[in-house]
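Welcome! Have the sequence and the 3D view open side by side, and take your time moving between them.

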Amino acid sequence: MSAYVISEVDVKDAVGFEAYRTIAAKAIAQYGGRYLVRGGTADIAEGVPPPNNIIVVEFPSMARLREWYASPEYAEALKHRRTALDRRLIFVEGVPPQV
């Protein structure tokens, strides 16, 4: 069953964010993830406004998602994340395939 990473991101340092994004994208692909949403325009229907960037990444499974998050490849991206952006990161399982 697919699993998703939902990130709500506020960029603090554009150069650092670009470094984070480049490294993270390679690690995501290496672990079978793919971007579904990557900072596109968001319209608020209800509630408070989200941060400037919303990112949604799909992985083949929650196990694979967690492997990516704990990977040495992604650890390199995290070195940049700490100073480049603030975020809320959510892991969520998808809906089982419907027959």
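A pocket here is an open set of grid points, on a 1 Å grid over the protein atoms alone, where a 1.4 Å probe fits and protein lies on both sides within 12 Å along at least five of seven lines. The largest pocket in this structure, which is a predicted model, has a volume of about 210 Å³.

**The largest pocket**
- The lining is made up of 19 residues, and S7, V9, Y20, Y35 and I55 lie nearest the centre.
- At least two lining residues come from each of β1, α1, β2 (34-38), β3 and β4.
- The biggest contributor is α1, which gives 5 residues.
- Sorted by class, the lining has 13 nonpolar, 3 polar and 3 charged residues.

**A closer look at S7**
- You will find S7 in strand β1, which spans residues 3-11.
- S7 counts as buried because its relative accessibility is 7%, and buried means under 20%.
- Leaving aside residues up to four places away in sequence, S7 touches N53, I54, I55, R88 and L89.

**Helix α2**
- Which residues of α2 are buried? They are M62, L65 and W68.
- Seen down the helix axis, these buried residues fall within an arc of 120 degrees, so they line one face of α2.
- They pack against β1, α1 (14-30), β3 (53-59), α3 (72-84) and β4 (85-93).
- E67 also belongs to α2 (residues 62-69), but it counts as partly exposed, at 39% relative accessibility.
- Although E67 and Y31 are 36 residues apart along the chain, their C-alpha atoms are separated by 7.6 Å.

Note on methods:
Residues numbered from 1 in each chain as written. Predicted model: local features only at pLDDT ≥ 70, side-chain atom pairs only at ≥ 80, totals over all residues. Heavy atoms only, no water. Helix = DSSP H or I, 4+ residues; strand = E, 2+ residues; numbered from the N terminus. Buried < 20%, exposed > 50% of the residue type's maximum accessible area, 1.4 Å probe, protein only. Contact = heavy atoms within 4.5 Å. Arc of directions from axis to C-beta. 1 Å grid on protein atoms, 1.4 Å probe; cavity = no way out; pocket = protein on both sides within 12 Å on 5 of 7 lines; lining within 4 Å. Points joined across faces, edges and corners; volume = space filled by probe spheres on them. Nonpolar A, V, L, I, M, F, W, Y, C, P; charged D, E, K, R; others polar.
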